[in-house]
Amino acid sequence: MSIHKVAVFGASGNFGTPITAALAAAGFDVTAISRLDSTSVFPPGLRVARVAYTLPDLSQALEGQDAAVCVVGPGGMHLQSTMVDAAAAAGVRRFIVDDFGWGRESRSFPEFGEIHRGRTRGWDRARERADGEGEGGFSWTGISTGNPVDWALRRFPMMGFDVVKREAVIYDSGTEEFSGTTLEGIGQAVVGVLSHPEETRNRFVRVMSVKTCQNELLEAFEGVTGVKWEVRRDTTGRLLESGREKNREGRPGWVLELVVTQLFQEGEGRGLVARTREETDSDLLGVREESVRDVAIKALGL
Ligand SMILES: NC(=O)c1ccc[n+]([C@@H]2O[C@H](COP(=O)([O-])OP(=O)(O)OC[C@H]3O[C@@H](n4cnc5c(N)ncnc54)[C@H](OP(=O)(O)O)[C@@H]3O)[C@@H](O)[C@H]2O)c1
């Protein structure tokens, strides 16, 4: 199966942007599919189809595409099954489902149950659609990327590093390891899947650019900036309690607190898509290994 024409749902988003850029740079013929009422801005030169997200209109929009990538944000997750049905109806042969997280094996807190089920409904639909289809029929892939590390460090000081103020918060002993994939790696993972359709057929692939912990990141940040960062200590126990309280009381902020707890809670390994790089599909998909220093440089925007 050879894939050339690719439609991307959510092409202007946090991850859709680097994915679309990587696909175009790799020579794929990319079309962004966007909602009729979207206010998203796209790079010049990218073909954009503004479509009502109904089965008939999406099926028509996907006509002639070899593959579709779903990378919409949480607000659009409930539409994933419709996108899958439309892709199957249009003869799309590979649908990349919306994961870019920890896949089916995700050991997230029960508070994320409803959100997780919202994602897996679309994954289940893709699996049902692929059942019974022979070679050349509808197929799917999910890509588990773990923590989007350079983007997340830059965007969320709660991950422990304020890259503007150069201050750190180290949770517990700072030694809990997690795996991360940079925006470059996320883009390459999608390119890799569509370049290796047979090896990635009807399964989740796992990738990582780096495996690290907070203490290593602090050392890298201090090394790159050439100054000692002000360090405060905190515990994931306190963060967990605070996140759960906010969740119970319906207050905002609980998602990030529980996500960070999951990443750093000691001895749990919840933030790892795999124990080692060798257990992942990174080499097959061309997702290169990046050093902790490389990640720090990217997170600092240098
Ligand atoms: N592993 C992690 O820690 C992590 C972190 C962040 C995100 N993620 C995952 O990565 C994926 C993409 O997230 P993202 O942050 O890149 O998304 P995003 O930037 O929030 O949104 C991407 C696009 O989704 C479309 N969209 C938003 N709301 C929609 C709705 N109600 N209906 C239909 N489409 C809608 C929009 O496209 P148009 O305006 O063009 O229609 C938007 O530009 C998600 O699965 C998310 O959960 C994982």
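**Close-up views of a predicted model**

**View 1. The open sheet of seven strands runs in the order 3-2-1-4-5-6-10, with parallel pairing.** Strands are DSSP runs (E, at least two residues), as helices are (H or I, at least four), numbered from the N terminus; two strands pair if DSSP finds at least two bridges between them. Strand 3 (47-51) and strand 10 (203-206) are the edge strands, each pairing on one side only. From one strand to the next, the twist averages 25°. This is a predicted model, in which local features need pLDDT of at least 70 and side-chain atom pairs count only at pLDDT 80 or more, while totals for chains, interfaces and linings use all residues. Residues are numbered from 1 along each chain as its sequence is written, and side-chain values use heavy atoms, with hydrogens and water left out.

**View 2. Strand 5 (residues 94-97) and strand 6 (residues 139-144) pair in the parallel sense over four bridges.** V97 has G142 in strand 6 as its bridge partner. Helix 4 (residues 113-130) packs on the sheet and touches strand 5, strand 6 and strand 10; contact means heavy atoms within 4.5 Å. The direction of helix 4 makes about 145° with that of strand 6 (axes are lines fitted to C-alpha atoms, for helices over the stretch in contact, and angles run from 0 to 180 degrees between N-to-C directions).

**View 3. An open sheet of three strands has the order 7-8-12, with mixed pairing.** Strand 7 (161-162) and strand 12 (230-234) each have a single partner strand, so one side of each is left without a neighbour in the sheet. Strand 8 (residues 167-171) pairs with strand 12 in the parallel sense over five bridges. Y171 has D234 in strand 12 as its bridge partner. Helix 7 (residues 214-225) packs on this sheet, touching strand 7, strand 8 and strand 12, and its direction makes about 165° with that of strand 8.

**View 4. The chain is assigned domain 1 (5-144) and domain 2 (149-180 + 210-300).** The bounds come from an automatic or database domain assignment. Taken over C-alpha atoms, the centres of the two domains are 27 Å apart. Twelve residues from domain 1 and 19 residues from domain 2 take part in the contact.

**View 5. The lining of the second largest pocket draws at least three residues from each of domain 1 and domain 2.** A pocket is an open set of points on a 1 Å grid over the protein atoms alone, where a 1.4 Å probe fits, with protein on both sides within 12 Å along at least five of seven lines; lining residues have an atom within 4 Å of a point. Among the 16 lining residues, W102, E105, R206, L272 and V273 are the closest to the centre of this pocket.
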